[in-house]
Amino acid sequence: MLPEAVEAMTEELGRVGNASSLHTSGRRARRVVEEARETIAAAVGAGPSEVIFTSGGTEADNLAVKGLFWARQAGRPRRRIIVSSVEHHAVIDPVEWLAKEAGADVHWIGVDELGRLRLRELEAALAEDPDGVALVSVMWANNEVGTVQPIAEVVAAAHRHGVPVHTDAVQALGQLPLDFAASGADCLTVSAHKIGGPIGAGALIARRGLELVPVQHGGGQERGVRSGTMDAPAVRAFSVAARLAAERRPESALRLAALRDGAVAAVLAAVPDAVLCGDPDPAGRLPGNAHFTFPGCEGDSLLYLLDARGVECSTGSACQAGVPQPSHVLVAMGVGPGVARGALRFSFGHSSRSADVDALAAAIGPAVTRARRAGLAAPGSVR
Ligand code: PLP
């Protein structure tokens with residue numbers, strides 16, 4: 001967390017007050033929450049009444065997908081959900097749940113080899129039966145390979161047919177220019193812990209008048225769609241991080257991109273057959289993201305070898321019944337399952353320094369050599 005966010009949260013944790021209570025402490029807590037709402041709204045180009053606080057990106061994605069789907073069943077039921085095939089599981093899993101439990105008909109939209117949405121497929125899926133579409137959900141930027149999606153075109157295509165759009169902007173906040181009003185999206189997800197705020201705080205930014213059926217029922221907080229006592233300390237710390245993320249973004253995006261470019265150059269120098277995934281054009285990818293596949297390696301082995309040398313990264317693969325599965329994002333981009341198993345993502349944030357890139361540059365070559373030896377020795381080698 002950013003020190004400023006820690007300070008705000010710590011101060012608030014020492015105070016008492018439920019923001020829904022009418023007594024003095026409650027009214028004070030309410031002021032904290034409403035000031036935070038204004039700050040976050042300003043940071044994302046929204047109005048304060050459009051901010052619905054949640055426990056993070058996962059909850060905001062669930063509220064958007066389920067809440068919009070259910071709201072669009074009134075009158076003429078609209079069963080179709082159009083969604084990109086590279087979404088985070090916080091979108092994919094509620095969509096699959098709706099298909100299984102609520103009769104949703106899911107239309108997955110493919111991506112090209114850089115991970116960018118195929119707009120023609122989206123347009124065709126919309127045109128097939130525009131009145132039967134409940135919602136479109138396409139992320140602003142991908143969390144694994146960092147590819148930025150053409151959100152303006154997605155919104156224009158969906159709105160031509162009167163279909164609402166949700167976009168998961170968890171990765172975009174603080175890294176890319178983000179303006180909810182200008183984007184035209186109907187709702188947008190953000191999460192505090194990606195910008196130096198606390199884990200367990202986030203928001204769904206939902207335009208005024210957008211109908212959402214609540215996922216969670218209770219005291220009727222947050223426009224009646226997200227019941228639960230407000231977490232004033234987390235919300236305040238989130239607002240501090242959001243303000244700083246917006247203020248510092250132009251300069252920090254350049255700094256992150258320089259670190260990322262240094263890391264890409266160092267990895268390719270040490271491992272010439274490593275493949276950079278996602279958009280090689282810096283304008284088309286998140287400044288803080290570098291993603292590679294390392295032929296002949298298991299990503300998990302590489303991860304542990306790098307971790308032992310103080311370099312912490314991520315594979316993006318999920319584990320099912322103890323067996324690593326290739327990332328659905330890479331598979332959607334046409335990467336073969338064997339190659340996808342050798343994937344690693346390096347992310348840079350506000351605490352990353354050039355010494356971190358140096359550590360990666362020193363560790364990656366020996367780690368790949370060892371992981372390849374282990375891979376060759378293992379039955380069912382990944383080559
Ligand atoms: N969406 C994306 C694109 C993410 O990267 C993440 C977290 O990594 C989430 C949603 C989930 O957010 P949270 O961890 O706040 O629940």
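Helix 3 (residues 57-71) has 15 residues, and its first and last C-alpha atoms are 20 Å apart, close to the 21 Å expected at 1.5 Å a residue; the expected span is 1.5 Å times one less than the number of residues. Helices (H or I, at least four residues) are DSSP runs, numbered from the N terminus. This is a predicted model, in which local features need pLDDT of at least 70 and side-chain atom pairs count only at pLDDT 80 or more, while totals for chains, interfaces and linings use all residues. Residues are numbered from 1 along each chain as its sequence is written, and side-chain values use heavy atoms, with hydrogens and water left out.

Visitor: How many of the 15 residues of helix 3 are buried?

Guide: Buried means under 20% relative accessible area, exposed over 50%, and partly exposed in between (1.4 Å probe, protein chains only). Helix 3 is mostly covered, and its buried residues number 13 of 15.

Visitor: Are helix 1 and helix 8 roughly parallel or roughly antiparallel to each other?

Guide: Axes are lines fitted to C-alpha atoms over the stretch in contact, and angles run from 0 to 180 degrees between N-to-C directions. Helix 1 (residues 3-13) packs on helix 8 (residues 232-270) at about 160°, with the axes 8 Å apart. Angles under 35 degrees count as roughly parallel, over 145 as roughly antiparallel, 65 to 115 as roughly perpendicular and the rest as oblique. The two helices are therefore roughly antiparallel.

Visitor: How many residues in the contact of helix 1 with helix 8 are charged?

Guide: Contact means heavy atoms within 4.5 Å. Those taking part include Glu4 and Met9 of helix 1 and Arg236 and Leu244 of helix 8. Ala, Val, Leu, Ile, Met, Phe, Trp, Tyr, Cys and Pro count as nonpolar, Asp, Glu, Lys and Arg as charged, and the others, Gly among them, as polar. The contact has 10 nonpolar residues, no polar ones, and charged residues numbering five.

Visitor: Is glycine 26 buried or exposed?

Guide: Glycine 26 has its place in helix 2 (residues 24-44). Leaving aside neighbours within four places in sequence, glycine 26 is in contact with Gly17, Asn18, Ala19 and Ser21. With a relative accessible area of 0%, glycine 26 is buried.

Visitor: Which residues does threonine 39 touch, not counting those up to four places away in sequence?

Guide: Threonine 39 also lies in helix 2. Its relative accessible area is 25%, so threonine 39 is partly exposed. Beyond the excluded neighbours, threonine 39 touches Ser239 and Arg243.
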